[in-house]
Amino acid sequence: CDPDSDDDERPCHPHFVAAFLIGKRAVTNSQMARFVSETHYTGEIRDIDFFGARFGSHDSPTWIYPEGLDDYPAVHVGYEEAGAYCCWAGMRLPTEAEWEKAARGPDTRVYPWGDNWNHLFCCNSTVTRQSGPQPVSSFPEGKSPYGCYNMAGNVWEWCVDWYNPYSYERYAAGDDKPQGFGLYRVLRGGSWSWADAQEPSLFRCSYRNFADPRFPSYNTTDLSYGFRIARTCCSN
């Protein structure tokens, strides 16, 4: 059990996660630009569960294409934008259980690279002096056992779950469904902008953060909210 686990990460318990696929890298600006170009997405969608083929007409998306940063993670992305992209790509956002599995691997490590903190293995502003997110293939030494990049540092990543401080109690009791309602959506992974060298616990694989799904629209300077895609594996 992770000795630094917070109350909302307990009880520690074995948890079966059904087979799934997850992006090795966060969605990039070039990928997001293709989505916006092909769909003329405007940010109108209010709930990804009703996405379908509908696109709005009067709101602006919170994501704005930054010239010259094609291979950087798409940031300043709201939950609904992330979900809309996933629907367009035939994918979905990962559950937080899937995200944590992809980060920790089969040996339940504390950080994607192992049990000991190493500030050189992830994007952070305090020690490695980064002033913003880095390209999605940065810090290869910090990859997870499954080859996923930047699951500690770089950007916070949206998960499909609504945040519940008692989710782990439900999981331990055998209810493995994502939380279906709430005020905030779960974010995982830590961010370059929240990289306090004195608090490496913020980059642990099991660390849970959460935010209003519309958060980026309230903070136009935030550069730490992105996402990666996932998909359920079909059984034969």
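Which charged end sits over the ring of Trp162? Let's find out in the views below.

**About these views.** This is a predicted model, in which local features need pLDDT of at least 70 and side-chain atom pairs count only at pLDDT 80 or more, while totals for chains, interfaces and linings use all residues. Residues are numbered from 1 along each chain as its sequence is written, and side-chain values use heavy atoms, with hydrogens and water left out.

**View 1. A charge meets a ring at Trp162.** The answer to the opening question is Arg185: its charged end lies over the Trp162 ring, 3.7 Å from the ring centre. A charge sits over a ring if NZ of Lys or CZ of Arg is within 6 Å of the ring centre and within 35 degrees of the ring normal.

**View 2. Helix α1 has a buried side and an exposed one.** Helices (H or I, at least four residues) and strands (E, at least two) are DSSP runs, numbered from the N terminus. In α1, which spans residues 29–39, Asn29, Met32, Phe35 and Thr39 are buried. These residues cover an arc of only 120 degrees around the axis, so they sit on the same side of α1; the arc is that of the directions from the helix axis to the C-beta atoms. An α-helix has 3.6 residues a turn, so residues three or four places apart point the same way. Look to the other side of α1 and you will find Arg34 and Ser37 exposed. Here, buried means under 20% relative accessible area, exposed over 50%, and partly exposed in between (1.4 Å probe, protein chains only). The cover over the buried residues of α1 includes α2 (79–88). Just after α1, His40 takes a positive phi of about 60 degrees.

**View 3. Tyr85 and Phe227 form an aromatic pair.** Rings of Phe, Tyr and Trp (its six-membered ring) pair if their centres lie within 6.5 Å; planes under 30 degrees apart count as stacked, over 60 as edge-to-face and the rest as tilted. By this rule the count comes to 15 aromatic pairs. Tyr85 and Phe227 are edge-to-face, at 5.5 Å centre to centre with 70 degrees between the planes. Because Tyr85 lies in helix α2 and Phe227 in the loop between β5 (225–226) and β6 (230–232), the pair ties together parts that are 142 residues apart in sequence. Tyr85 is buried at 7% relative accessibility, and Phe227 is buried at 1%.

**View 4. Tyr163 and Phe210 make a stacked pair.** Their rings are 4.1 Å apart centre to centre, with 20 degrees between the planes. Tyr163 belongs to the loop between β2 (156–162) and α4 (167–172), and Phe210 to strand β4 (residues 209–211), so the pair links distant parts of the chain, 47 residues apart. Tyr163 counts as buried at 16% relative accessibility, whereas Phe210 is partly exposed at 34%.

**View 5. Five rings join into a cluster.** Ring pairs link Tyr111, Trp113, Trp117, Phe121 and Phe203.

**View 6. Glu169 in helix α4.** Glu169 is partly exposed, at 47% relative accessibility. Leaving aside residues up to four places away in sequence, Glu169 touches Arg10 and Pro11, where contact means heavy atoms within 4.5 Å. The C-alpha atoms of Glu169 and Glu9 are separated by 8.8 Å, although these residues are 160 apart along the chain.

View 7. Cys87 is partly exposed, with a relative accessible area of 33%.
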